[in-house]
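Here are my notes for you to read with the model open beside them. Take the points in order, and find each residue on screen as you go.

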Amino acid sequence: MQHMKKISIFCCWNKEEILNSLLLPGLNRQKDVEFDLHLIYCGKGEGWKSAAQVFNYHIDQAASENLLFVHQDLELKEDSALASVIEELEAKPKGIFGLVGARAEGKTRQVFGNVYHGIMNVNSGCSISCVTSADTLDECFVAMKKAVFMELKFDEINFDGWHFYAVDLCLRGKKKGFASYVLPLKSQHKNILEMPGYLLHA
């Protein structure tokens with residue numbers, strides 16, 4: 001009998017409307033996968049200083065060896081997305097996976113992925129049709145094996161806010177032999193910075 005694929009999902013959230021209209025519907029449509037979902041409220045008065053602090057603190061609650069850190073405003077459009085993520089994690093256990101990535105090409109930077117952002121529904125960069133190597137990944141969606149996370153963890157000291165903690169992890173990981181990849185999965189990212197009244201931690 002084939003075992004169901006499993007993954008542990010962590011999300012910092014502060015706007016219930018966004019969480020219920022974007023992240024949760026995308027997760028609920030997933031097929032052929034089981035997940036334990038850890039929703040950590042990070043609104044005013046909760047005492048959290050950074051996403052790195054939140055995720056490092058709660059990681060022991062993960063029931064799976066597969067981990068996903070995701071934004072509250074990202075909606076997975078494909079019902080096989082999580083199953084695809086787990087397949088890639090099993091095939092490349094030292095890999096770090098995301099939906100939007102960047103790679104240095106000479107003096108320029110190329111951004112790529114199949115995520116559409118904001119009210120204007122603009123693609124994140126160049127569209128891709130296969131798993132693509134990257135130097136860094138956007139924090140909207142980052143997956144890895146627990147063993148990879150435990151070796152790297154997020155840097156709470158130098159990234160004591162809500163941005164760039166995954167970019168840093170990818171760069172540190174690269175020096176230790178952990179490669180980063182972007183998955184060609186379609187999703188929608190309603191960038192909160194473009195939505196009046198929904199500025200994260202405002």
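**Notes on the predicted chain**

1. Overall size first. For 202 residues, a compact globule would have a radius of gyration near 17 Å, and the chain's 16 Å agrees with that. This radius is taken over C-alpha atoms, and the globule rule is 2.2 Å times the number of residues to the power 0.38. Along the principal axes, the C-alpha atoms fill a box of roughly 50 × 40 × 35 Å.

2. A word on where this comes from. It's a predicted model, so local features need pLDDT of at least 70 and side-chain atom pairs count only at pLDDT 80 or more, while totals for chains, interfaces and linings use all residues. Residues are numbered from 1 along each chain as its sequence is written, and side-chain values use heavy atoms, leaving out hydrogens and water.

3. How confident is the predictor? pLDDT is its confidence in each residue, from 0 to 100. The chain averages 91, and 92% of the residues score at least 70. Go carefully over residues 194–202, where pLDDT stays under 50. For that stretch the model has 17 contacts beyond four places in sequence, a contact being heavy atoms within 4.5 Å.

4. Now the layout. You'll find five helices and 14 strands; these are DSSP runs numbered from the N terminus (helices: H or I, at least four residues; strands: E, at least two). Take the contacts in the chain with a separation of 6 or more: 78% of them come from residues 24 or more positions apart.

5. Inside or outside? Buried means under 20% relative accessible area, exposed over 50%, and partly exposed in between (1.4 Å probe, protein chains only).

6. Look at helix H1, residues 16–28. Its buried residues are Ile18, Leu19, Leu22, Leu23, Leu24, Gly26 and Leu27. They pack against strands S1 (5–13), S2 (33–41), S3 (66–70) and S4 (74–76), and also against helix H3 (81–91).

7. Why is helix H2 (residues 51–58) described as largely enclosed by the rest of the structure? Because six of its eight residues are buried, namely Ala51, Ala52, Val54, Phe55, Asn56 and His58. Those buried residues pack against S1, S2 and S3, plus helices H4 (146–152) and H5 (165–175).

8. Aspartate 60 sits in the loop between H2 and S3. With a relative accessible area of 64%, aspartate 60 is exposed. Its C-alpha atom is separated by 14 Å from that of leucine 39, 21 residues apart along the chain.

9. Check two backbone angles in the loop between H4 and H5. Most residues other than glycine have a negative phi. Lysine 153, in that loop, has a positive phi of about 50° although it isn't a glycine. Phenylalanine 164, also found there, has a positive phi of about 70° and isn't a glycine either. Lysine 153 is partly exposed at 30% relative accessible area, whereas phenylalanine 164 is exposed at 53%.

10. Buried or exposed: which is serine 180? It counts as buried, at 4% relative accessibility. Serine 180 belongs to strand S13 (residues 180–182). Leaving aside residues up to four places away in sequence, serine 180 touches Ile96, Thr132, Ser133, Ala134, Asp135, Leu137 and Cys170.

How values were computed:
pLDDT is the predictor's confidence in each residue, from 0 to 100.
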